[in-house]
Each structure stands twice: as structure tokens, then as C-alpha cells.
Amino acid sequence: MTLATPHPTETEISAIIEAHLPLEGPLLPMLHALQEAFGHVPAAAHAAICDTLNITKAELHGVISFYHDFRDAPAGRHVVKICRAEACQAMGGAALAENLLAKLGLDWHGTTRNGVVTIEPVYCLGLCACAPAAMVDDRVVGRVDAAKLDKLLAEAGA
Amino acid sequence: MKDFIIPPMDWKDERDMGTPAKQGAPVTLSIDGFEVTVPEGTSVMRAAAEAGIQVPKLCATDSLEAFGSCRLCVVEIEGRRGTPASCTTPVAPGMVVRTQSDSVRKIRKGVMELYISDHPLDCLTCSANGDCELQDMAGAVGLRDVRYTAPTGGIATHFAPRNTSGETNPEWRPKDDSNPYFSYDPAKCIVCNRCVRACEEVQGTFALTIEGRGFDSRVSFGAKTDDALASDCVSCGACVQACPTATLQEKSVIEMGTPDRSVVTTCAYCGVGCSFKAEMQGDQLVRMVPYKHGKANRGHSCVKGRFAYGYASHKDRILNPMIRDRISDPWREVSWDEALGFAATKMRGIQAEYGQKSIGVITSSRCTNEETYLVQKLARAVFGNNNTDTCARVCHSPTGYGLGQTFGTSAGTQDFDSVEHTDVVIVIGANPTDGHPVFASRLKKRLRAGAKLIVIDPRRIDLVKSAHVKASHHLPLRPGTNVAVVTALAHVIVTEGLMDEAFIRERCDWDEFQDYAAFVSDPRHAPEATEMLTGVPAADLREAAKLFATGGNGAIYYGLGVTEHSQGSTTVMSIANLAMLTGNLGRPGVGVNPLRGQNNVQGACDMGSFPHELPGYRHVKNDDVRDLFKSVWGVEIDAEPGLRIPNMLDAAVDGTFKGLYCQGEDILQSDPDTKHVAAGLAAMECVIVHDLFLNETANYAHVFLPGSTFLEKDGTFTNAERRINRVREVMKPRNGYADWEITQMLANKMGANWSYMHPSQIMDEIALTTPSFAGVSYTVLEEKGSVQWPCNEAHPDGTPLMHVDGFVRGKGRFIVTEYVATDEKTGPRFPLLLTTGRILSQYNVGAQTRRTENVVWHEQDLLEIHPHDAENRGLNDGDYVRLASRSGETTLRAKITDRVSPGVVYTTFHHPDTQANVITTDYSDWATNCPEYKVTAVQVSPSNGPSVWQEDYAAQAAQARRILPAAE
């Protein structure tokens, strides 16, 4: 499915880039701010970032691809991250995730057809004591089971 | 370094020491019970290597700083916990290191097992078989088994395209063959990061990265969607050199297999003079590999020297001598004897009819010192005149004159290592990243470490802003105003009292300085006064001058953008003034450094190629010098200077100059005002062209003598830092003879009685007659690798830095440099200024590089034009445009870019079908006749296709290149 991708203008992009220039090590804050503003790091911003910071497109690609949270296209309105680390796997997290994906007909990183939810894997949320754990947008949720997950998804409107 | 397969030569240690050498106080430690003393800051790995102990390693190599990722080089250090990596651990006094123990052996084996679990076991059919560090290390750690297997039904590797059920492996990526010279095979990659670091630390291009993380980490050229060719990669080969496996591999090795022997020789491209190992199978060249002990390049290379050698075996190369009576006839292949006899008879006949001075020679900066020496000797001792000139006439003759006048030697003052100590660099009229790439990499390394850069150039060259390098000041002057800009810099330094008075008082002529100071202090030289003329903002120029005068060690590097002007010599002198004014001479990190265009420009000048100078820059009018050569050569030498190239052509048009022996230079394409050159050549009765290819000049030749490549002869090249490097014969000449032999045969046909058996004897004669070469011999070069002249009794090891305790001429001389505008002026008909230059992948007239795969980067000359000028003329990017000057016109495609200022257009001269020199005028330097290539008033307009001249020329060239096969 295609989402309505916002088309950030050059002015918007350069305003964000300029705002972070005085920082020491401004690249990561810049990328975060772009993602914050547009839901992803738009490809249109790459050349401007490289030019401003005097780095190459290879270096930028190295940084963006290193961090899984930087996106090259916007996600759904809500992002649900399901922990796949050892403790959560031991507590049935793997099965929980598989069932959810099957139910929604998605693969990892997929977004529901109505554009509401994107499902992503995450490796440890630091909630091992409450495994299996998940995270809905900025909110962490412990002791997740199928019912709890359904409720969360329903709240989100998936 | 992938050098394991070739046994090291006994005179140089070629082992990979793991990490770079350091300088510092001595530190003594014990490694496996052996005491070893190394400089502070050295890694434990390197210290072990110094003691002869190789610690296993994968991610370390001595051209790169330690990285510590492979964990194979772990060692035990007494009193320290765990097993530190020896590459990242610096030595400490009294340290006790054990490189082998049961525990480290187990760790190394475990690490190797993991590496090999994701690496194909196809060693026997792998292109790096026998030249692979991964293979070597597996052997060194005793790996016998890999226990890791993929889970059932899954694929846990990067190298298998499919699993056993035939399902594709999403982790597998196909080979990237987009670069014409090397391939990138991700399946073989161990992600050691050496290629990425080499691209960053050594080359400074930052074209490579590691994308992803963890198991997903992959080497990536450029951004996500790029391949090697589409990325910023400049194909310097540093990554290929650094790669320990077959991941980045030369295509020639993939095709031919690994080499079995190697010969150290010198690159035949630019004036950097990189040392290479020609790696061979029999008489076949497998690859050229930069030589790590080469003192000019320190193990680095560029796309030309590393890969563009294919011209040596190109089908266009002529291997048989040819003659013809008229240039309208087809060529006839004949024997050497017939060709040389024909040439000798014609030349002697011309002399008999038109006089002794009616013939001459042109030596080449692409030939060896020995060959050049013989060609000028041919003119002086056999022709009996001084009609010898060289292509340095059209590039660096003003350098010879200007530096000779001010300092007393016609050469650069530093070695390339000096750049590592510099704090402020002025680059003026040079584009090192394209013209002198290996030096540019060394410069960029220093700039990344904090040195400041001032660029004076009409064009925004790459150095002005490229990855991690940014010039503090770019002074975009109008072409032709160099003198005004440099004098304005001096004005600021003098009027603001920033000069180094102690240096000037001690080292220079104080009275002359007073005159000079009074001259430059005149308000008419102030940057504010010259701003209108030069187009350089006064404030910026003032800041730049202050930075250079106060920023520490200041070095000036310049190129043909300085010399190829009507005031070329004046600019060279003004640069010398600037260096003396700021006390920037005679120590590392400073100096005046001409970047020579061709590999042996320095040597060609040293060898007496100029019509007024015998070898060693000694004027022919001096009786003592002539007597010296008379005693060695046994003939009287003419005391009158001979003709320069432009004079020869003028005289030819006038009918007084009738015969020319032109070795290894294509004057028709490279010299200005092509139509005038063509007319001169057409008026001659015997033009002998000695070259690899039927070049453009050969269209007007009567005798063609096939030349040998730098791979096929012995000799020496002298690079821009006065370094005399050996060129070694790695294969027999395909044309039958080395070039020095051909010149000797021609001389002997004309009655000389030369009997050189080897170029070393020619060098002995040079040493005998030329004081600055007195200590040079092939034995010395064999022993030391290379020497920088002067090399004589006073300097038996050569002279890396000139003018250390005093100038060669005594007191440094300040010369007043009045700006005089060129006569070439813009006007209503020709409102734009054309300036010319070169590009990384092509070299000079392109005779060599056009015959290699380098054309993928540059297949035609383009005209760079500012968007504003393009819009005025209704031009779009890629349009065919007509470029016209007062001399002529040509057509080429436009490239719209703001690299050039409005009012300035720029092109290269690599392609004969464009013939940029049809446009250039015959204005030249007032002192040396060096042509004014860099300033031509032009107009640009839309066009439908080739000009009439281009069509006529192409037809004439096709006609002139017909060859009749030899009679059976």
C-alpha cells in the first residue's frame, strides 16, 4: 500500500539542518530532527546534509543504515515494536509476534493497509523482568499476551 | 598489502609491519623473551614485527592506523588482564609480551573459525589463491575444522547465492563489476574495514562505507543505490591494495592469475613520479602495484599509474618503422636500416641545401633522462647547432627561469614528505586532485590534520571543498591576473609589517628588498586597488595574506596555471618573493614547489634540452662549459643559442627551418595555435616522429620511428622533487629497440660514432659533465633506491631540501614584479575568457589514457560554462556549442556549472577531435615563450556539430594515417 508521503520542501529541510549546525557532532541530531518532522529522513535531504557537513554520501549512508530507527519512508501512524531478545523469547514473545504478523498479514517492518500500524522487531527494551515486552509509539508495555496486544491494536485503530 | 606471494627483494624489506611507523623516544620491551627497542607510540604488533615475530592479523596493515576489529592479533601482556589486541596497544617500557600461548592460540582459532564460517571455501578457484591473507591466517592459526552450520532449511551466510533447495539467499549480493579495472565481490568480504579506511586515510575520497550493523554489515560504495562507478570512487586502487582477500581484486589478476615476479620501476604519467612494482608473468604485465618504499608516493597510487597501462599493448601501437616521401602519400613499412638511412640522408641533405641550422630536435618530458640527453646531444654534437627544445617549453619553462633568477636553481625546493610538516598551503594555478592525485592525497591528509589551505584559481577546484577538506580562502581571480594577486598578497604582508625581517636580512639582498618593499607598498598594489581588475574580494585577499604570513610553516604549490601566461615567469618570481618575504624556505614544511605536468619535465630541463643551456642549466655562451663538453664529445659546440619550438615553427613557415626530429611529443595537439603548428610542420621537408602511436604530429611526418614504452627500457625519470628514480626494463621492447638505441642508431647513420651499450653509461657521462649529477650512477640508485639532485661530493646522499643554509645563488634576490596585462583581451566579439586544464582520468594529449579503459570517466572534452553565461546564450547542459577565438573555432559539448565564475569558461585538451588548441593564441611568456594557454578571449554560441576545421582535420588525419603493408 502507498502512504501519502509528505514532500518536504528545500526550505523546510535546510531550516532543520541550519538549526543544528552549531552543535558539536550535529549529524545525528539533524537526522533525528528530520525524522521527527517528516516521519522519515527524506532522500531529498541527503545532498544538503553532505554539502553542509562536508561529508560524502557514502559516510551519510553508513550512519543512516547503522541505526535501524532511521527510516527512508514514513511508517504508519503508530509503531508497535515487539521485543525479540532472549528473555522475551523465553516467555513466548516469538510466538506472540508470529501470531500477530499472521493475523495482520504483515511481515516485519510492514504497515497495515489502512496505514495505521507498523510492526517492528526490537532487541531488548530493558523490560526483561516483565517479558514479553512491547512498545507502542513511545510507551512501553510489559507482560504482553495476545489479548493485551489486540486491545492495544484496537485502541490504535488497526 | 597483498605481497605475500612475491619473495621480498633482499635490498628492501617488504613485510607488512601491521601498523604505521611512529617517531618518539626509544622504548624497550620484551616480546617472547627478545628485547626490542622501538619509538614511543609504536604498537606491540609493530614492535613484534621489528623483532621478526609476526603476530597473526587481518584488519591491520601498516599503511593504516590500527583499528582493532578482527581480534586475531590478541597477545598476553604480563600484569595486564585479558588479552589485548597487539595492534591497538602501544608499547610501554619494560612490558613483557607473549605472542603465543595456549589461551591466545585458542582465541585466534575460534576467531578464524567464525570468519571462515561465513566465507566460501573455494580457495582453489579463487582469484586471490596464494595471495590471500585470510588463507595465510587460517594456516597460521592452524584452523582445521569449522563447526558452525546453518539451521535446517536456513541460510546463515553471505556467500551462498542459494540454499540446497534452490531458494535464493537474500543476504547474497552479486559481484560489482562496474569499475573497469577491479571487481568487488561481497561474497568474499570479511568486513575488516581496510578498504574503507584506505579510502579515507590514504586516498581521502571517503567513497566507501560500512552499511548496516552486526551480521548485516557490508562494504558499500557510495550511497544505497550506487555501484563502484556511480560512487565518488576515483579508482586510485588504495582499497584494492588494502584488501586482504579476493573481495576487491584487479580484473587483470582474475583473468591472468597471480604474478610470479616483480620489478620496481617508476610511473610514466605525471610529475609526482610514483614508484611501482610491475608484477609479471613471463613478459606479460599482470598488474602495477604501488611500491611501499617509493619515496614520492609512499605506497599510494592513482587511476593512471595503477591501472592505465593498457596503451602499451593497444592495437594502435606502431611497431615497425615507416617512411614516405610526401605527407599526402600513405605510409610504407620498411626495415629499421632503411628508415634510419632515409632519415639521415634527408636531414643531411637539408643541411647541405639550407645550412647547418636548418634542422633541429624536440626532446620529450615523457622520455628518460638518458634519452633526452642523447637527443640534445644529437642536435649539438651531430647536427652541429643548438636547435633543441622540449615540451617543457610549453609548461614549466618559466619555473626554470623564475626560480633560477631568484634562488639560483631551476627546481622546486622541497621533497613531497615536506607537506607533512606544513601549516598553511597556498595552491595557485594547480589542480592537484586531478593533475597530481597522489600528492593531493598526501596534501589532503595534512589538511584533515589541521593545516590551512588558500586556493588561488579561477575555478572552484575540488580542493576548495571536498570531503573533510575546505579551503580557508578561495581567491577566484580572473584568468591572467596572477601577478596582480600575488603582488597584492605581498603588499598586505609588507604594509602590515608581517614579513620575516630576520630571514630577509640574513638570507636575502637587503638593498634589493628595500626596492621591492617600496614597490609593493605602493597603494596601487593594495587589494582594494586591484579588486576591480582581478575580481578577488579585497577583504578575503587581506585575510589570506595574513594567514599565510602568520600561520606557521607556509608552503606554496603551483602548476601550469602560473606558468602558462604571458607573465608566467613574473608570477614564478612573485611566488619566490612571497616565500622569501615570509621566511618560508630552507626547512621542512615550507618552500616553493612547482607541480610538474609530465613525469620527466624536471629531467628534460636538467638534461640541457633548452636551446640556450647545456645540461645542468649552463649557458652555451660560457666558454668553460663548451670546452668541457668538447673534451667529452670531441666536437666543437655552437656558442649561439638555437631555436625554441615557436621559433622553429616560425622559421619553418618562413622557409629557413626544414627538418625536425620530434621524440615522444605531439606538438600539433599540445602546442598552442594548432593552425600555425600545422602550417609550420607542413612546410618542413623532413619531419621524423618517434612515438608509440601515429599521433597528430605524425600526420605531417615523413619518417615514423616506433618508440618503446616505459616498461620496455632502462633509464631514469626525475620528478617534481628533483628525485631521480630508476625506470627498469620489465619486458623487451615490442618495437625491437629502446628509444635511446634508436636515437643512437640515427646519430650513427648521420656519422656520429656513439657506442653506448646501456643507459647506465649515458648516466655516467651525465655525471661526468654535470656538477649537480656528479654523484649519480646506477650503482648509487640501486643502493639507495632514488636520490634527489644535487648529488655530488658535498651531498653524497642527495638533497631533499634546497637552500637550507643559504641560497644556491648566494643571497636570495627580490625581483620587482610589475603587472602587465596580456594583449589577449575580451571585447564585444569575444567576451568570455577560456582557460584550460586537465582531468584525473586523462593525461595530457590523451595519447596513452585515451587508449585505456579510463575513457569510461571522460570520453570527450567538455566546455564548462557558468549558468548565467549559458542562459544568456540559450544553452542547455550537454548542448553542442561553438567555441571561437581570434585564432580559430571548434565545437564541443557544454557542461553548465558554477565551478567557473561568470565570464570564464574552461575545457580540457585530452581529445584530438576537439583540439582545444585551435582556439588558443600564440601569445607567450615574455621571458621563455611559454605559451599563454590559460587565457584566451572567446565567444560561445549554439552549434549543430563539428566545425569546418574539425571536419577538414579529421579527413586529413585519416588520409595521413594510411599504411601500406611491407612488401612481401
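Hi everyone, let's start where the two chains meet: 10 residues of chain A are in contact with 18 residues of chain B, contact meaning that C-beta atoms, placed from the backbone, lie within 7 Å. On chain A's side of that meeting there are 3 nonpolar, 5 polar and 2 charged residues. Here Ala, Val, Leu, Ile, Met, Phe, Trp, Tyr, Cys and Pro count as nonpolar, Asp, Glu, Lys and Arg as charged, and the others, Gly among them, as polar.

A quick word on the ground rules. This is a predicted model, where local features need pLDDT of at least 70, side-chain atom pairs count only at pLDDT 80 or more, and totals for chains, interfaces and linings use all residues. Residues are numbered from 1 along each chain as its sequence is written, while chains are lettered from A and ligands numbered from 1 in the order in which they are written.

How confident is the predictor in chain A? The mean pLDDT is 90, and 96% of the residues of chain A reach 70 or more; pLDDT is the predictor's confidence in each residue, from 0 to 100. Within chain A, helix α4 (residues 57–66) has the highest confidence, at 96, and helix α7 (residues 146–156) the lowest, at a mean of 86. Helices (H or I, at least four residues) and strands (E, at least two) are DSSP runs, numbered from the N terminus.

Now the sheet in chain A. It is open, with 4 strands in the order β2-β1-β3-β4 and mixed pairing, where two strands pair if DSSP finds at least two bridges between them. β2 (117–122) and β4 (139–141) of chain A stand at the edges with a single partner strand each, so one side of each lacks a neighbour in the sheet. Further in, β1 (residues 78–83) and β3 (residues 134–136) of chain A pair in the antiparallel sense over 3 bridges, and A:I82 stands opposite A:A134 in β3(A).

Over to chain B. Its assignment, automatic or from a database, gives domain 1 (26–141), domain 2 (182–313), domain 3 (322–395 + 601–788), domain 4 (397–594) and domain 5 (832–960). The C-alpha centres of domain 3 and domain 5 of chain B lie 30 Å apart. Their contact takes 18 residues from domain 3 of chain B and 20 residues from domain 5 of chain B. On the domain 3 side, α23 (667–670) and α24 (674–682) of chain B each supply at least two residues, and the largest share, 3 residues, comes from α24(B).
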